[in-house]
Amino acid sequence: QKDETSGAGKHLLRAEGGSRPRQDAMAAPVSHSAALSLFKKMNYFKKMPEDLTISTTQGSVLSMVGLLCMALLFILELRAFMAIKFETLIEVDNTPDTMMRINFNVTVDDIPCEYVSVDLTDATGTYEHNITRSVKKTRLTAWRRHIAIHPEEGAGMPAYVKPSAEELAQIAGEASGDQAAAAGDRGTDVHGNPVGAVVPLSKATLQQYVMSHDMVFVNFFAPWCHWCRELEPIWTQTAAQLPDLHYGEHVKMASVDCVAHSEFCREMHIRAFPTLLLYTDHTTEQTLLYRSTRSQAAINEFLETNAQRHHVPHEETAAKLEGTAIAVSRDHGPEGCMVAGKLAAKKVPGTFHVKLHSPQYSHAADLMNVSHVVHHLSFGGEEVQEHAGGIFEGMMDVGKSSVHNTPFAAEATGMTFVHFHKVVARVKEYSHGHKVGSYHYTMHSSSHKEADDAFPSIKFSYDLSPLKVVERQVYTPTYHFITSVCAIIGGFFTLLGLFENSLHYSLETLSKKLS
């Protein structure tokens, strides 16, 4: 019995042992199927059979509108992504460059270039007088037509040379009333004037006197003028010696008192004293403004050169007169001046001063009209600003001008204009490390009447801000562009889907109610 029982048990154990591998083999496909079923459930792009979908007219219209809108938004987003953008920051201006350039172009309508000069001063005590380097002056007519480039200052500027002892003795004889002895008792000319004497002229007599002689050299003076008083003995002595010179019969010396004949001098556009004009060819329309040394020798040389100009080549005469005189025409009207150029200034508060009077002349403030036009004014230049250590290496471009052909009219003569500028540095920083700097400014102007002992002028004052405007180039990251495009597509589809569903169900409900 034990053997049978034992045999039965062994048979049962073999049967159980033999079925376990088959159960494991069946469990494996079940778990794989469950995993595949779970994976399929995670599919967010499930498809529906075509026979279960409905195509509507409003759905097609909204789809077309949606595609056009998404295409437009995509193009706009792409343009914004490709565009160069700058962010603006305010920083302390700690750039180590100490100089800046001032570019200007100013026209004064009623002041000749002979009297215009440019000075520069600043808070550190720098003073530059009569700057001619990189400054050009152009003579203008009353209609702002160019006449000629004004010659450089320096050689040829009027200067006073004291008369000799013989000249002083001659002057003493004239002062004692012995005019005939001073003139050598040569008699009178056809006009009844003593030969070798200075002829006083007026508005009534100038035209006729000029037409009656080959050359008339006229001194427009004022009795209160210091330089006129210094010139008077030289002028008288030159006139007295003219009859003894080989060209003397062709030249007459005359004078006009601009205090006694003030209106006439205004008509002749006399703006300073003494003004020496040489009339030739029996006409008052064309004259030569003498601007050389005020000595007897220089005046005689000038007169001799003009007396010979009908007998020697024009080029030779012009070469001799260069720097000695400039041609003036009454057809031009009151002569003006356009002064333009560039100044190298320190980066500290300062003033560049357009002076309208010359130290070699005497001026009357009531004859000075300071009306002017500012054609251009900017700070900064095209020089490369490089500094050790690479603190700032870049290009300084010409800064923005806040004024373009802006007129400033004086309410009366003798007015001074002050233009104040607050200058701010501006730096553009590009992504590749290149920097471009410039200066921008605000401008405020005022005018006032000068005191009796001061001359009117035009002042351009400037002050620099301790802060600078930095414009730094920035780029939109690529991932930001991709995110925006996805947002456009997904968001627009979602909104259109909601709108289409609402419209579809509304139309269906309305149709059912109507039916």
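In which handedness of crossing does helix 6 pass helix 8? Here are some friendly notes on that and a few other features.

1. Ground rules. This is a predicted model, in which local features need pLDDT of at least 70, side-chain atom pairs count only at pLDDT 80 or more, and totals for chains, interfaces and linings use all residues. Residues are numbered from 1 along each chain as its sequence is written, and side-chain values use heavy atoms, with hydrogens and water left out.

2. Helix 6 and helix 8. The crossing of helix 6 past helix 8 is right-handed; the term applies if the near helix is turned clockwise from the far one by less than a right angle, and left-handed if anticlockwise. Helix 6 (residues 226-241) packs against helix 8 (residues 296-307) at an angle of about 50°, and their axes are 10 Å apart. Helix 6 is therefore oblique to helix 8. For angles, under 35 degrees counts as roughly parallel, over 145 as roughly antiparallel, 65 to 115 as roughly perpendicular and the rest as oblique. The axes are lines fitted to C-alpha atoms, for helices over the stretch in contact, and angles run from 0 to 180 degrees between N-to-C directions. Helices (H or I, at least four residues) and strands (E, at least two) are DSSP runs, numbered from the N terminus.

3. Helix 2 and helix 10. Here the axes of helix 2 (residues 57-82) and helix 10 (residues 478-514) come within 10 Å and cross at roughly 160°, which means that helix 2 is roughly antiparallel to helix 10. This crossing is right-handed. The contact residues comprise 17 nonpolar, six polar and two charged. Ala, Val, Leu, Ile, Met, Phe, Trp, Tyr, Cys and Pro count as nonpolar, Asp, Glu, Lys and Arg as charged, and the others, Gly among them, as polar.

4. A stacked pair. Rings of Phe, Tyr and Trp (its six-membered ring) pair if their centres lie within 6.5 Å, with planes under 30 degrees apart called stacked, over 60 edge-to-face and the rest tilted. The count comes to 14 aromatic pairs. In one of them, the ring centres of Phe81 and Phe481 are 4.8 Å apart and the planes are at 25°, so the pair is stacked. Because Phe81 lies in helix 2 and Phe481 in helix 10, the pair ties together parts that are 400 residues apart in sequence. Both Phe81 and Phe481 are buried (buried is under 20% relative accessible area, exposed over 50%, partly exposed in between, with a 1.4 Å probe and protein chains only).

5. An edge-to-face pair. Phe217 and Tyr290 have ring centres 5.9 Å apart and planes at 80°, so this pair is edge-to-face. Phe217 belongs to strand 8 (residues 215-221) and Tyr290 to strand 11 (residues 286-290), 73 residues apart. Phe217 is buried at 0% relative accessibility, and Tyr290 is buried at 3%. One aromatic cluster is formed by Phe217, Trp235, Tyr290 and Phe302.

6. Backbone points to check by eye. Phe273 and Pro274 are joined by a cis peptide bond, with omega about -10°; Pro274 lies in the loop between helix 7 (262-267) and strand 10 (275-280). Asn405 has a positive phi, near 55°, in a residue other than glycine. Asn405 sits in the loop between strand 17 (394-396) and strand 18 (406-408) and counts as exposed at 52% relative accessibility.
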